[in-house]
Amino acid sequence: MKYDYAVIGACKAGLTAVETLRERAPEASILLINGEDRLPYKRTQLTKKLASGFSPDDFSLKDEGWYSDNSIELWNNTRVLEIDKEKHELICSDGRTAVWGKLLIATGAIPFQVDIPGREFVKHLRSAADTEILRAELLSCRRVAVIGQGVEGVEIAEQCRKMGLEVHLTGRDSRLMQRWLNQRLSGKLLSLFKSEGVHCSFSRDVSNITKEGDHYRVHSPGEVLEVDIVLASTGIRGNPALAEALGIYGKKGIACDTSLQTRIQDIYAAGDAVEVPSGWPRGLWHWAEYQGRTAGMNMSGESQKIENIPTRLKCEPFGKFYFSMALPDVNEDDKSTVFFDDKRGYLKIFEREGRSVAALMEGLSKDDSKILEKGIHQGMPAESLASSFI
Ligand SMILES: Cc1cc2nc3c(=O)[nH]c(=O)nc-3n(C[C@H](O)[C@H](O)[C@H](O)COP(=O)(O)OP(=O)(O)OC[C@H]3O[C@@H](n4cnc5c(N)ncnc54)[C@H](O)[C@@H]3O)c2cc1C
């Protein structure tokens with residue numbers, strides 16, 4: 001079969017590229033290859049629904065009819081094993097082959113594995129199928145160690161606690177979600193975790209993990225955790241499969257220019273698979289969407305470049321809503337004002353030359369975070385933006 005466009009990987013980046021291509025090229029033939037065992041779904045839900053469980057189509061991004069209605073050829077549950085860049089051909093694990101005009105690699109990320117003795121005992125969570133297996137295993141456990149205090153580690157720890165497990169959240173960072181929260185909000189989150197019975201330890205480099213009969217010991221200086229299962233969320237890197245064989249893999253992902261074009265003509269990349277300049281965001285749902293849209297536009301003949309846009313993160317551990325926007329972009333010279341830090345929650349806005357550029361919020365609602373996000377995009381003065389909440 002011959003297609004004008006083929007997209008490998010059917011999550012946010014791949015699917016957004018497909019939607020963009022369909023809008024811009026109504027007559028084009030488009031193939032979307034989905035390596036997973038269910039329709040493309042919202043991956044971010046996995047760490048939020050670990051405790052409750054879910055069915056295969058619970059977080060589908062589109063229903064099955066959308067693909068046929070939009071003349072998208074969707075190959076489910078098959079993985080591309082090989083790409084022939086000369087013949088413009090790809091080969092899948094189920095034996096199907098396709099010839100493409102332009103190709104997008106949107107194969108996501110793989111978990112970064114800590115390089116320590118016993119790393120083979122550590123479990124990671126990336127796909128819905130992994131999560132289902134892990135959930136079944138957790139149901140028969142009593143104690144869990146979660147390594148990594150970033151947002152995913154925080155969410156996994158919260159979900160394990162909701163399942164009634166004894167939870168130990170540990171790792172190298174000196175506080176919770178340190179990339180996204182300031183000292184004050186990390187502290188508030190820690191108090192919440194302690195009140196919910198999660199054991200947290202910080203600044204601990206896990207040195208090794210040993211298996212002792214049917215349980216594990218997680219060793220770090222000054223601490224040994226004895227648990228039934230070890231989970232980790234210690235960062236990601238772009239998926240090297242396919243890209244390494246094509247010679248387009250950099251250090252942490254697929255090397256591309258800002259048009260998301262690799263150095264092989266007619267091959268593009270988008271989403272978590274891509275290596276971005278240091279300091280730029282990665283591993284975020286809306287960032288993958290932005291890249292998917294940009295790649296789709298460029299594949300259809302436009303000329304768009306990605307930029308370091310302000311990114312945001314929302315999470316709601318134990319029912320308390322946290323929102324952080326553009327915090328990594330804040331400069332020392334930016335003015336910052338805490339508008340409240342009381343029973344209602346917390347609001348801090350950062351301002352540069354009279355325009356809001358970043359914000360931190362806790363305790364308000366998702367709708368409030370949308371107002372905040374819009375205000376920052378519009379560069380509203382901090383005072384008038386904050387007045388919406390006071
Ligand atoms: C558990 C979890 C929770 C998260 N929570 C949040 C959150 O709260 N907020 C947030 O902003 N971000 C969150 N993220 C990050 C966000 O989900 C990712 O940034 C986003 O999914 C990246 O989209 P992507 O399309 O680039 O890649 P992915 O979502 O990784 O999708 C890549 C797809 O390509 C497939 N694939 C790989 N190789 C092949 C092949 N050879 N052939 C065919 N298919 C292949 C994979 O199976 C996968 O389906 C979370 C991620 C995880 C894992």
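**The ligand and its surroundings**

Tutor: An oxygen atom of the ligand lies 3.2 Å from a polar backbone atom of Lys12. This is a predicted model, in which local features need pLDDT of at least 70 and side-chain atom pairs count only at pLDDT 80 or more, while totals for chains, interfaces and linings use all residues. Residues are numbered from 1 along each chain as its sequence is written, and side-chain values use heavy atoms, with hydrogens and water left out.

Student: What is a polar contact, and which N or O atom in a side chain is 2.9 Å from an oxygen atom of the ligand?

Tutor: A polar contact is a pair of N or O atoms within 3.5 Å; within protein, one must be able to donate a hydrogen and the other to accept it, and residues adjacent in sequence count only if both atoms are side-chain atoms. Here, the side chain of Arg126 places an N or O atom 2.9 Å from a ligand oxygen. For Ala13, a polar backbone atom is 2.9 Å from an oxygen of the ligand. The protein covers 94% of the 1,000 Å² of accessible area that the ligand has on its own (Shrake-Rupley method, 1.4 Å probe; for residues, only the protein chains shown count as cover).

Student: How many residues surround the ligand?

Tutor: A residue is counted as near if one of its heavy atoms lies within 4 Å of the molecule or strand. There are 29 such residues around the ligand, the closest being Glu36, Arg43, Lys48, Asp272 and Trp285.

Student: Why does the ligand lie between domain 1 and domain 2?

Tutor: Domain bounds come from an automatic or database domain assignment. Domain 1 (2–110 + 236–299) and domain 2 (113–232) both contribute residues to the shell, so the ligand lies between them.

**The sheets**

Student: What is the order of the strands in the open sheet of five strands?

Tutor: Strands (E, at least two residues) and helices (H or I, at least four) are DSSP runs, numbered from the N terminus. Two strands pair if DSSP finds at least two bridges between them. The order here is β18-β19-β22-β21-β20, with antiparallel pairing. β18 (312–315) and β20 (335–342) are the edge strands, each pairing on one side only. Four bridges link β18 with β19 (residues 322–325), and Cys315 has Tyr322 in β19 as its bridge partner.

Student: Which strands form the open sheet of three?

Tutor: The order is β12-β13-β14, with antiparallel pairing. Between β12 and β13 (residues 215–220) there are five bridges; Ile209 has Val218 in β13 as its bridge partner.
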